[in-house]
Amino acid sequence: MMKVNTTQVEEMIAIVHLLAVFIKETGERFYDFVGPTAQAMAGILTGSDEVMYLTSELRDTVYPCWAELVEVTRKAIASRGAEAQAKTVELVQTFVDKVGTDLNAADDPTDIAPMANGIASVVRNAGRGCLQPEQVKVICHMTVSEIGKSFQRDQILKQANAADASRVGRGEDDDEEEEEKDVEGEEEADCRVGLNAIFGACMAADPAVFVQQVWPGLRPTIEQWLAESKGPNRLLALHVAVDVCEQLQEQAVAIWPVFMEVVLTCCTSTDTDERQAAGYVINLASEVPAFAEYAPRAFIALGTSLKKFKAKKNSEESQAAQDNVVAGLANLSLRHPAHSPDLQGCWHKILERMPFKEDTDEGKKTHRKMFMEAQKPSGGNLGSITTLVLVLGYLAEIYGRVEHCDDDLKHDMARSFASLPESTLIQLVGQMTPKQKSRVERIVQDGRTMP
């Protein structure tokens with residue numbers, strides 16, 4: 001049996017971690033070192049099966065580092081042209097060919113998950129044109145197959161658990177075995193999430209090929225998953241819906257009927273993960289004008305969700321679900337206000353539940369959208385001066401709080417408030433709370449002292 005120097009492997013893992021951080025921090029300046037670095041790491045990717053089995057943690061560390069290399073070369077295309085484009089494609093091809101083959105041969109979810117996430121990250125960082133149309137089809141077909149295998153392994157595990165539970169005279173050893181099986185079930189779930197990410201990456205790599213050549217074959221599987229009243233299959237399908245709306249945008253309109261009815265239903269699901277995904281789908285789909293067809297029912301579904309479920313302070317999942325439902329309602333109100341049964345009432349519901357406590361990244365995006373709308377004449381789609389004041393007052397409250405307001409928004413808000421005519425500023429501030437007035441004074445001062 002081959003022996004592995006554990007200390008040496010641990011040192012190599014630490015070096016690769018450090019290298020990934022260095023690549024990320026230096027960005028395009030690392031471009032000239034991409035070739036030698038990839039050559040060194042390729043030795044780990046293409047190592048023998050026995051070595052990779054013994055050093056899987058090292059292999060898994062290489063995956064995100066390789067994705068960082070791909071991002072460096074992609075960003076360098078603007079300045080380096082065809083050379084950087086060719087290097088990007090080469091990095092993707094090398095990685096997908098090797099890791100895709102390994103993934104297809106693997107049967108352990110703890111091996112498959114990092115491989116799948118690695119492929120998704122590499123393809124996503126490379127962007128459009130990194131894969132040939134046939135590769136997109138092959139990778140997606142493999143992903144469907146591997147998800148099916150994962151469900152089969154999960155089913156076998158559940159059957160074994162049921163058989164063990166029926167045994168008489170269970171002891172401590174049996175309880176430990178049950179805990180191990182619970183862990184195995186979670187590993188399979190993580191495996192499927194990783195595989196699911198590949199779909200989104202392939203959509204981003206070639207939207208037209210996905211819609212025309214991959215979706216027709218994938219659609220029956222998604223419809224089957226959606227047909228279930230609850231469970232991991234339906235959640236996976238909702239995650240695919242998220243990717244479809246995010247990556248395909250207008251091209252997703254023809255696909256919406258496959259999942260949108262279930263999305264609206266899942267806004268009021270008792271499962272927090274389903275509510276979170278449904279809210280996010282509506283948030284993304286609202287960007288497309290054609291969503292007006294679904295907007296009236298989406299307003300009702302999201303409003304009902306907020307009325308029915310209150311986020312639990314000690315539950316991150318519950319809070320994340322509410323954050324995404326609120327973000328969905330905010331974007332729906334900004335993009336399709338004419339279909340709201342009570343637009344001002346919607347904004348009260350939204351602002352009462354902001355800022356977000358869990359999904360702060362989505363909160364920052366929502367704040368930017370609210371600010372951009374407030375810049376339009378009479379507050380644009382906010383609908384009234386009253387709502388405009390509510391939104392501006394709220395934005396004043398989160399000004400300068402780094403977890404909710406990034407530097408760009410802080411800068412733009414300061415510039416905007418400082419440029420308002422004095423009469424307009426007095427009119428707006430006069431309708432705000434004392435706390436908000438104080439914040440606006442600071443914002444205006446910041447804006448007027450900017451160079």
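Author: A cavity is a set of grid points where a 1.4 Å probe fits but cannot get out. The model discussed here is predicted.

Reader: What is the volume of the largest cavity?

Author: A search of the whole structure for cavities of 30 Å³ or more finds one. The volume of the largest cavity is about 50 Å³.

Reader: Which element gives the largest share of the lining of the largest cavity?

Author: The lining includes Arg275, Ser305, Leu306, Phe309 and Lys310, and also Ala311, Ser318, Ala321, Gln322 and Val325. Two helices, α14 (295-308) and α15 (316-335), each supply at least two of the lining residues. The largest share is four residues, and it comes from α15.

Reader: How many residues in the lining of the largest cavity are charged?

Author: Sort the lining by class. Five residues are nonpolar and three are polar. The charged residues in this lining number two.

Reader: Which element gives the largest share of the lining of the largest pocket?

Author: The elements that give two or more residues are α7 (109-126), α9 (172-205), α11 (232-248), α13 (272-285) and α17. The largest share is six residues. Its source is α11.

Reader: By class, how many residues of the largest pocket's lining are charged?

Author: Seven lining residues are nonpolar, and seven are polar. The charged count is eight.

Reader: Now the helix pairs. Are α4 and α7 roughly parallel or roughly antiparallel?

Author: The axes of α4 (residues 56-75) and α7 come within 8 Å. They cross at roughly 5 degrees. Angles under 35 degrees count as roughly parallel. The two helices are therefore roughly parallel.

Reader: In the contact of α4 with α7, how many residues are charged?

Author: On the α4 side, the residues include Arg59, Asp60, Glu68, Glu71 and Arg74. They meet α7 residues, among them Asp111, Pro114, Met115 and Val122. By class, this contact has eight nonpolar and five polar residues, while the charged ones number six.

Reader: How does α17 pass α19, in a left-handed or a right-handed crossing?

Author: Helix α17 (residues 360-374) packs against helix α19 (residues 407-419) with the axes 11 Å apart. The angle is about 20 degrees, which makes the pair roughly parallel. The crossing of α17 past α19 is left-handed.

Reader: Which residues of α17 meet α19?

Author: The α19 side supplies Asp408, Leu409, Asp412, Met413 and Ser416. By class, the contact has three nonpolar, two polar and three charged residues. The α17 side supplies His367, Arg368 and Phe371.

Reader: Next, the backbone. What is omega for the cis peptide bond between Met354 and Pro355?

Author: Pro355 lies in the loop between α16 (343-352) and α17. A cis peptide bond joins Met354 to Pro355, and omega there is about 5 degrees.

Reader: What is the phi of Gln249?

Author: Gln249 sits in the loop between α11 and α12 (256-266). This residue is not a glycine. Still, its phi is positive, at about 50 degrees.

Definitions and conventions. Residues are numbered from 1 along each chain as its sequence is written. This is a predicted model: local features need pLDDT of at least 70, side-chain atom pairs count only at pLDDT 80 or more; totals for chains, interfaces and linings use all residues. Side-chain values use heavy atoms; hydrogens and water are left out. Axes are lines fitted to C-alpha atoms, for helices over the stretch in contact, and angles run from 0 to 180 degrees between N-to-C directions. Angles under 35 degrees count as roughly parallel, over 145 as roughly antiparallel, 65 to 115 as roughly perpendicular and the rest as oblique. A crossing is left-handed if the near helix is turned anticlockwise from the far one by less than a right angle, and right-handed if clockwise. Contact means heavy atoms within 4.5 Å. Ala, Val, Leu, Ile, Met, Phe, Trp, Tyr, Cys and Pro count as nonpolar, Asp, Glu, Lys and Arg as charged, and the others, Gly among them, as polar. On a 1 Å grid over the protein atoms alone, a cavity is a set of points where a 1.4 Å probe fits but cannot get out, and a pocket is an open set with protein on both sides within 12 Å along at least five of seven lines; lining residues have an atom within 4 Å of a point. Grid points are joined across faces, edges and corners, and a volume is the space filled by probe spheres set on the points.
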